[in-house]
Amino acid sequence: MHLHASTHDHRTTAAAPRRRSRHLLRLLAVLAALVATAAPAFARAPLPPIEGYAQYQPQTRCSPKPKPGAVYLMQYLDRRFPGTPGGISRACDVGGRSEHKEGRALDWMVSARTHAGRVAARELLDWLFATDGHGEQDARARRLGVMYVIWNDRIYSSYDGFRPQPYLNAGCKQLKGCSPTLRHRDHVHISLDVAGGMGRTSWFVGRLTDAVGGVVGGVGGAVGGIGGAAIG
Ligand SMILES: [Zn+2]
């Protein structure tokens with residue numbers, strides 16, 4: 001920003017408008033300086049050490065209210081990936097055991113029937129399972145506390161190093177005749193462990209929690225809602 005240094009024009013009334021604009025320029029300069037000073041405060045602090053692969057913590061209780069980590073992740077995916085948010089919550093009397101009933105699983109709606117849908121899902125999985133700059137495999141999935149992902153007849157489990165394995169829902173005897181939803185061909189399912197669901201794993205530091213895991217802000221906008229028939 002260029003500031004005019006002249007201070008010799010205070011005597012004439014004609015100078016008043018220019019004086020005002022100079023004052024405005026100074027004010028803007030001060031504001032710019034404040035913003036520049038404040039900016040580092042918004043930069044993300046270095047992340048804590050990466051977690052190992054999440055332990056399997058299956059749903060054991062009925063607590064379907066969307067948990068903050070799941071809500072935050074859904075909103076993040078919505079900003080970043082093609083596809084649309086599905087459900088987080090599920091009523092406890094619908095279907096079998098599911099982390100949806102603890103509000104720590106989320107469904108991301110994409111279709112395996114279209115090329116674009118398959119590309120979108122691949123993009124999400126690649127993001128989750130990418131190796132970070134320190135050579136840590138499946139870095140985001142580990143930092144998020146992902147227990148498993150189900151997509152298109154395959155399950156990617158933390159306890160399997162996220163290597164894809166064939167998936168057949170307990171509600172189906174075989175793939176043939178199994179619904180697109182139970183086969184997870186119309187959505188990607190992501191289950192978080194308890195800490196991830198609460199937004200207390202390292203991925204959330206600087207986003208949802210501070211360095212010691214304290215929640216720093218509310219989670220805006222309910223993304224949840226009761227998930228339909230999606231199981232898994
Ligand atoms: Zn699901």
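Which residue in β6 is the bridge partner of A105? The bridge partner of A105 in β6 is S191, and the report below sets this pair in the context of the chain around it.

## Basis and overall make-up

This is a predicted model, in which local features need pLDDT of at least 70 and side-chain atom pairs count only at pLDDT 80 or more, while totals for chains, interfaces and linings use all residues. Residues are numbered from 1 along each chain as its sequence is written.

The chain has five helices and six strands, and along the sequence they follow the pattern α-α-β-β-α-α-β-β-β-β-α. Helices (H or I, at least four residues) and strands (E, at least two) are taken as DSSP runs and numbered from the N terminus. Buried residues make up 38% of the 232 residues in the chain; a residue is buried if 20 or more other C-beta atoms lie within 10 Å of its own, exposed if 12 or fewer, and partly exposed in between, with C-beta atoms placed from the backbone. Of the contacts with a separation of 6 or more, 71% are between residues 24 or more positions apart, a contact being two residues whose C-beta atoms, placed from the backbone, lie within 7 Å.

Strand β2 (residues 105-109) has four of its five residues buried, so it is largely enclosed by the rest of the structure. Two strands pair if DSSP finds at least two bridges between them, and β2 pairs with strand β1 (residues 84-85) in the antiparallel sense over two bridges, with T84 standing opposite M109. Strand β2 is also joined by four bridges to strand β6 (residues 188-192), again running antiparallel; besides A105 with S191, D107 has H189 as its bridge partner.

Strand β6 pairs with β3 as well, in the antiparallel sense and over four bridges, and there V146 stands opposite L192. Five of the five residues of β6 are buried, so this strand is largely enclosed by the rest of the structure. In a regular strand the side chains alternate between the two faces of the sheet. In β6 both faces are covered, with V188, I190 and L192 buried on one side and H189 and S191 buried on the other.

The 15 residues of α3 (residues 115-129) should span 21 Å at 1.5 Å a residue, and the end C-alpha atoms are 21 Å apart, which agrees; the expected span is 1.5 Å times one less than the number of residues. The buried residues of α3 are G117, A121, L124, L125, L128 and F129. They cover an arc of only 120° around the axis, which puts them on the same side of α3, the arc being that of the directions from the helix axis to the C-beta atoms. On the other side, H115, A116, V119 and D126 are exposed.

What covers the buried residues of α3 includes α2 (68-80), β2, α4 (139-144), β3 (146-151) and β6. F129 is buried, with 20 other C-beta atoms within 10 Å, and apart from its neighbours within four places in sequence it is in contact with D138, A141 and F162. The C-alpha atoms of F129 and A139, ten residues apart along the chain, are separated by 6.3 Å.

## The nonpolar core

The largest nonpolar core has 36 residues, and those with the most contacts inside it are A70, L106, V146, V149, V188 and I190. The elements that give two or more residues to this core are α2, β2, α3, α4, β3, β4 (154-157) and β6. Such a core is a set of buried Ala, Val, Leu, Ile, Met, Phe, Trp, Tyr and Cys residues joined through C-beta atoms within 7 Å. Leaving aside its neighbours within four places in sequence, A70 is in contact with I88, G103, R104, A105, L106, L192 and G197.
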